[in-house]
Amino acid sequence: MLRFDNRFLLELPGDPRADDCPRQVHGALWSAVLPTPVAAPRLLAHSPEVAAALGIDAATLASPEFVQVFAGNRLWPGMQPWASNYGGHQFGHWAGQLGDGRAISLGEALAADGARHELQLKGAGRTPYSRHADGRAVLRSSLREFVCSEAMHHLGVATTRALSLIVSGEEVVRDLFYDGHPRAEPGAIVCRVAPSFIRFGHFELPAARGDIGLLERLVEFTIARDFPHLSGPPEQRRGDWFVEVCMRTGRLLANWMRVGFVHGVMNTDNLSILGLTIDYGPYGWLEDFDPDWTPNTTDFEGRRYAYGRQPEIAQWNLSALAGALAPLFSDPAPLHAGLRAYAQTFMTEQARWTAARFGWERLDDERLRLARDFHALLQRCEIDLTLAFRLLADIDPEAPSLQTLEAAWYRPALVAAEAGEWQSWLGAYAGTLRADPRPRAQRQAAMNAVNPLYVPRNYLAQLCIDAAERGDLAPLHEWLETLRRPCEEQPGRAHHAARRPEWARERPGCSMLSCSS
Ligand code: AMP
Ligand code: MG
C-alpha cells in the first residue's frame with residue numbers, strides 16, 4: 001500500500017468550496033475536487049520503472065483495482081484529490097488565473113527510500129479551473145505525453161514521469177485544427193508522477209493579485225519541501241533558491257537543445273520550479289535541423305516557441321518569475337544573480353554537450369567554429385539532427401567520407417550542391433579526431449553515449465496512435481521498449497531510428513500539432 005503525506009494540502013491554504021463550478025479562487029492554492037468516474041477504463045501501458053519506484057508490485061499492477069484507481073474511479077486510502085491554483089503568461093501575455101483545469105492530483109506518495117512522488121491524473125474531469133472546457137484528454141495526446149516523458153527520462157533529461165496510460169471507454173469531442181470539424185475521439189487518462197508539480201505560474205498568481213502573504217507562504221513551503229538543503233536567513237535562502245531554480249532551468253534547456261526537443265508551449269504555467277520538462281502538449285522533435293521550426297500550429301505566425309528561441313524564452317520566463325518574487329526581496333541583487341546564473345549554466349552545459357557530441361575532449365575556437373559550420377550545413381542541406389550526430393562517430397579519421405552521413409539526408413540534391421563545403425568541413429573535423437589520444441573505439445563509445453539513436457520521432461508517435469486507435473497496442477509496446485535504451489543500437493529496431501518518411505512531411509500529428517488535446 002502506498003503511504004501519503006499530502007503536504008501541499010496540509011501546509012498551504014485551500015479553497016473553502018468543494019464543488020467544480022468554474023470560479024476565481026482567491027487566497028488559496030488548491031481546491032478539493034474528485035475525479036469524475038469513467039465508463040470502461042482499460043490499461044494500455046505502464047512504466048515498470050515508475051511502478052517500481054513507487055513500490056507497486058506486479059500483482060497490484062495487473063489487478064482491476066489498479067485500473068479503477070488510475071482512471072479516477074476509486075481512491076486508495078490516504079489519497080485526497082485536489083486541483084491546484086496557478087496563473088501564467090501565455091505567449092508573452094499575462095493570462096490571469098489558469099489552474100489545473102484537467103489535472104487532478106491524488107496525493108503525495110512517499111516511497112520506501114523517502115522519495116516524494118506526487119500522483120496526478122491528467123484528463124480526470126472538470127475542476128473549478130476548467131473554465132468552459134471538459135477536463136478530459138484524448139488518446140492521441142495522452143499517448144504522446146506518456147511516451148515522451150518516459151523517453152525523456154531515458155535520454156537523461158529532467159522530466160515528469162508517467163505511471164499509466166488508460167483509455168476511459170468514453171468519447172471526447174475535439175476540433176483538431178479549430179476549423180469547424182470536430183470529431184469524437186477515444187478519451188484517455190495519464191497518471192503523471194513528479195516530486196512536485198509547482199510551476200512558475202503558481203508564484204505569479206498571488207504576486208499579480210498583490211497577495212504577498214500567500215506568495216511568501218508558497219515560497220517558504222517550496223523551499224522547505226523541495227529544496228531542503230537550502231538554509232540561512234530568509235532573504236539569503238530565497239536568493240539561493242532562485243539561483244538554483246535558474247541553474248536547473250539552464251541545465252534543462254541545454255538538454256532540450258541537445259536532444260532536439262521542442263516544447264511547443266513554453267508559457268510560464270508550463271515551466272516547473274524543479275527544472276523538469278512538464279506539460280507535453282503540441283511538442284515535437286526536430287527532424288531536419290531548422291532552428292525556426294515549431295510543431296505548434298497556434299504558434300506558426302509568431303514562432304515564439306521555435307526550437308532556436310527556447311533558451312531565450314526560458315530566460316524570459318525566469319524574468320517573469322523574478323518579477324513575481326521581487327516583493328519578497330529588499331534588494332533585487334539575488335534575482336539578477338539568478339538570471340545571470342541561468343545564462344552561465346546554459347552556456348557551460350551547452351559547451352560541454354557540444355564537445356561530447358563531436359567526440360572532443362575540449363572546445364577551442366577552431367572546434368567551436370567547426371560546430372557552428374556543421375549546424376549551418378545541416379540547416380542548408382536539410383539533414384536530420386539526431387542521425388547526423390549519431391553517424392559522426394562512424395567518420396573515419398584517416399579517410400572521412402560524406403557518404404557516412406547519408407542516412408540523415410532528406411534532400412540529397414541539397415547535400416550534393418554543398419559537396420565542396422562538406423569536404424573541407426570533414427577534412428578539418430577528421431584532423432580534430434586524429435589529434436585525440438584516446439583509442440578510436442573508446443571515443444566512439446563516448447560519442448554514442450551522448451548522441452541517441454532512438455528519439456520519439458513525431459511520425460512514429462502517430463503510427464502508434466493510429467494502431468492504438470484501431471486496438472493494436474503492439475507498436476506502442478515495442479516502441480516503449482526501444483526508447484528505454486535510446487543510445488544503444490538494438491537489433492531489429494532500425495525502423496525506430498529511421499528519418500521521417502516523405503508521407504509524414506506535412507501530415508497533421510507528424511509535423512503539425514495543435515493545442516487541441
Ligand atoms: P495548457 O495549454 O495545457 O498548458 O493548458 C492551459 C490551461 O488550460 C490550463 O489551465 C489547463 O488546465 C486548461 N485546459 C486545457 N485543456 C483543458 C480541458 N480539456 N479541460 C479543462 N481545462 C483545460
Ligand atoms: Mg499547462
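**Close-up 1. The salt bridge between Arg192 and Glu145 in the predicted model.** Arg192 and Glu145 form a salt bridge in which the closest N and O atoms are 3.1 Å apart, the term standing for a side-chain nitrogen of Lys or Arg within 4 Å of a carboxyl oxygen of Asp or Glu. Because Arg192 belongs to strand β11 (residues 183–194) and Glu145 to helix α5 (residues 139–154), the pair ties together parts that are 47 residues apart in sequence; helices (H or I, at least four residues) and strands (E, at least two) are DSSP runs, numbered from the N terminus. Both Arg192 and Glu145 are buried, where buried means under 20% relative accessible area, exposed over 50%, and partly exposed in between (1.4 Å probe, protein chains only). This is a predicted model, in which local features need pLDDT of at least 70 and side-chain atom pairs count only at pLDDT 80 or more, whereas totals for chains, interfaces and linings use all residues. Residues are numbered from 1 along each chain as its sequence is written, chains are lettered from A and ligands numbered from 1 in the order in which they are written, and side-chain values use heavy atoms, with hydrogens and water left out.

**Close-up 2. The salt bridge between Arg484 and Glu49.** A search of the whole structure finds 42 salt bridges, and in one of them Arg484 is joined to Glu49, with the closest N and O atoms 2.8 Å apart. This pair links distant parts of the chain, since Arg484 is in the segment after α17 and Glu49 in helix α2 (residues 48–54), 435 residues apart. Arg484 is partly exposed, with a relative accessible area of 30%, and Glu49 also counts as partly exposed, at 25% relative accessibility.

**Close-up 3. Arg303 and its salt bridge with Asp292.** Arg303 has a phi near 50°, a positive value in a residue other than glycine, and is found in the loop between β13 and α9 (310–325). A salt bridge joins Arg303 to Asp292, the closest N and O atoms being 3.6 Å apart. Both residues lie in the loop between β13 and α9, so the pair ties together parts that are eleven residues apart in sequence. Arg303 counts as partly exposed at 24% relative accessibility, and Asp292 is partly exposed with a relative accessible area of 42%. Elsewhere, salt bridges that share partners join Asp5, Glu108, Arg116, Arg225 and Asp226 into one network.

Close-up 4. The magnesium ion (ligand 2) is coordinated by Asn270 (OD1) and Asp279 (OD), at 2.0 to 2.2 Å. Donors here are N, O and S atoms within 2.8 Å of the metal (3.2 Å for Na, K and Ca), and water is not among the atoms, so sites may look incomplete. Asn270 and Asp279 are both buried, the relative accessible area of Asp279 being 13%. Asp279 has its place in the loop between β12 (261–262) and β13 (284–285), and its phi is near 65°, a positive value in a residue other than glycine.

**Close-up 5. The aromatic pair of Phe66 and Phe70.** The structure holds 26 aromatic pairs. Phe66 and Phe70 form one that is tilted, at 4.7 Å centre to centre and with 40° between the planes; rings of Phe, Tyr and Trp (its six-membered ring) pair if their centres lie within 6.5 Å, and planes under 30 degrees apart count as stacked, over 60 as edge-to-face and the rest as tilted. Because Phe66 and Phe70 are four residues apart in helix α4 (residues 64–70), they are separated by about one helical turn. Phe66 counts as buried at 0% relative accessibility, and Phe70 is buried with a relative accessible area of 0%.

**Close-up 6. The aromatic pair of Tyr459 and Trp503.** The ring centres of Tyr459 and Trp503 are 6.0 Å apart and the planes are at 85°, so the pair is edge-to-face. Since Tyr459 is in helix α16 (residues 458–469) and Trp503 in the segment after α17 (474–483), the pair ties together parts that are 44 residues apart in sequence. Tyr459 counts as buried, at 5% relative accessibility, whereas Trp503 is partly exposed, with a relative accessible area of 44%.

**Close-up 7. An aromatic cluster, and arginines over ring faces.** Ring pairs link Phe358, Trp360, Phe374, Phe389, Trp422, Trp425 and Tyr429 into a cluster. Arg357 lies over the face of Phe389, at 3.9 Å from the ring centre, and Arg304 lies over the face of Trp316, at 4.7 Å from the ring centre. A charge sits over a ring if NZ of Lys or CZ of Arg is within 6 Å of the ring centre and within 35 degrees of the ring normal.
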